[in-house]
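Please walk me through this protein model, one region after another.

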Amino acid sequence: MSRFPSVTGSQLIKALRKLGNCPWGFVTGFAITIFFIGSTFFTATADQKAARALRNKSFVSTPVAIFDEPWAMTFLPDGRLLVTEKAGRLLIVSQDGKKSGPISGVPAVDHGGQGGLGDVILHPFFSKNRLIYLSYAEAGGRDTRGAAVARARLALTPDGGGQLADFEIIWRQEPKVTGRGHFGHRLAFSPDGFLFITSSERQKFSPAQDMKQNLGKIIRLNDDGSVPAGNPFADRGGITKQIWTLGHRNLLGLAFDSKGRLWSHEMGPRGGDELNLIKRGENYGYPLVSNGDHYDGTPIPDHATRPEFMAPKISWTPVISPAGFIIYSGDMFPQWKNSGFIGGLSSQALIRVTFEGETAFEAERFNMGKRIREVEQGPDGAIWVLEDETGGKLLKLTPNP
Ligand SMILES: [Ca+2]
């Protein structure tokens, strides 16, 4: 679905009202928000343009390789990258841009709209067991589809490529539904070894509050796909026991911070993109509340009207269309340690957020000039990003000397 940062007058009023209500006591956060709302409505002044260029001088961006609709990446222990392309290709690329042929054994994916091959991550003990996890859109009957998560062993081959063995599907969205949007299927392992999966609501709204479906939820599983006994709804059985949190829309980023806390961002509807602190068993309110409104103009009550639902720690109107997420722990950019980095699709930006206690703030926004789909941290602390869509570049970001 296309995302436009333009806003109607009523949304502006809604956004300004929210600023008045918001608990952000920090002048800086307020000023940054005003700046970005302002920059959408008024032509950027020369000063603003200069400021944006200066911020981009925080790093040098070096193109490394080009991909066809890249979606996700992760680093192998040997320093090379696994990269997914939406049409169903998994590739290995070295840090100097040498690409393998497609890795064999990747399943058929339902490619189209927002669907296709999605995330790729390593098992925490990959060096010993060679297990990787893939997410993708899988076709069902009667024009339906749904996200699936599989694991397989990656065997590297002497030609620099690889093949998958022992392929096993360990989780599926249920039910499969029509449409090609909002699969989610971002993956992350917690420090204590559980697999977390974002499962978006497939643009069907109400499943996010339906405990008999796993759409619009964040899921927690063991590494083999079985359900941990400690899940908040484990005693309810069925599909409900998979659920860690509910009330989500379209979740395309998931990351643990240095304290082991889980953060996720999600695309709001028209307005109201969110960064959330994910807490066991909580309800994040969609579609009953949102700081945005439906695309057809139907209002959605704001988070402030229903305090029983977890409210976002950052709410963006105009939207950024977040995709990809790391919380930085490297040494190459020491000033950014513990900052979050979020890719922006419609905002064509890399967004840095900072955390203070249990809240968060947008600290900086780097104009990238292209939709940014994915962010990763390299072994030496460089930041790597993937542009979206056909011809999407793999970029390595290093400090400006
Ligand atoms: Ca990744």
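Asp143 counts as exposed, because 10 C-beta neighbours lie inside 10 Å of it. The cut-offs are these: a residue is buried if 20 or more other C-beta atoms lie within 10 Å of its own, exposed if 12 or fewer, and partly exposed in between, with C-beta atoms placed from the backbone. Asp143 is found in the loop between strand S6 (131-139) and S7. Its phi is near 65 degrees, a positive value in a residue other than glycine. Most residues other than glycine have a negative phi, and most peptide bonds are trans.

This is a predicted model, in which local features need pLDDT of at least 70, side-chain atom pairs count only at pLDDT 80 or more, and totals for chains, interfaces and linings use all residues. Residues are numbered from 1 along each chain as its sequence is written.

Asp166 also has a positive phi, about 55 degrees, although it is not a glycine. Asp166 lies in strand S8 (residues 162-172). With 11 C-beta neighbours inside 10 Å, Asp166 counts as exposed. Two cis peptide bonds can be located next. One runs from Tyr286 to Pro287, with omega near 0 degrees. Pro287 is found in the loop between S15 and strand S16 (314-316). Another cis bond joins Thr317 and Pro318, with omega about 0 degrees. Pro318 lies in the loop between S16 and S17.

Now the whole protein. It has 4 helices and 23 strands. Both are DSSP runs, numbered from the N terminus: helices are H or I with at least four residues, strands are E with at least two. Of the 401 residues, 44% count as buried. Two residues are in contact if their C-beta atoms, placed from the backbone, lie within 7 Å. Among contacts between residues at least 6 apart in sequence, 55% join residues at least 24 apart.

Next comes a sheet. 4 strands form an open sheet in the order S1-S23-S22-S21, and the pairing is antiparallel. Strand S1 (59-68) and strand S21 (372-377) stand at the edges, each with a single partner strand, so one side of each has no neighbour in the sheet. Two strands pair if DSSP finds at least two bridges between them. S1 and strand S23 (residues 390-399) are joined by 9 bridges and run antiparallel. The bridge partner of Ile66 in S23 is Lys393.

Stay with S21 for a moment. Glu374 is placed in this strand. Is Glu374 buried or exposed? It counts as buried, because 27 C-beta neighbours lie inside 10 Å. Glu374 and Pro70 are 304 residues apart in sequence, yet 8.5 Å apart in space, C-alpha to C-alpha. Not counting residues up to four places away in sequence, Glu374 touches several residues, including Pro70, Trp71, Gly343 and Val385.

Strand S17 (residues 322-327) pairs with S18 in the antiparallel sense over 5 bridges. There, Ile327 stands opposite Gly340. S18 also pairs with strand S19 (residues 349-356), again antiparallel, over 5 bridges. Gly343 has Leu350 as its bridge partner in S19. S18 and S19 form a hairpin with 4 residues between them, and Gln348 in the turn has a positive phi of about 45 degrees.

Leu350 takes us into the core. A nonpolar core is a set of buried Ala, Val, Leu, Ile, Met, Phe, Trp, Tyr and Cys residues joined through C-beta atoms within 7 Å. The largest one has 86 residues, and those with the most contacts inside it are Phe196, Leu350 and Val385. Strand S7 (residues 145-156) gives the largest share of this core, 6 residues. Beyond its neighbours within four places in sequence, Leu350 is in contact with residues that include Phe341, Phe366, Met368 and Val385.

Strand S13 (residues 250-256) is largely enclosed by the rest of the structure, because 6 of its 7 residues are buried. S13 and strand S14 (residues 262-267) run antiparallel, joined by 6 bridges. Gly253 stands opposite His265 in S14. The hairpin of S13 and S14 has 5 residues between the strands, and Gly260 in the turn has a positive phi of about 85 degrees.
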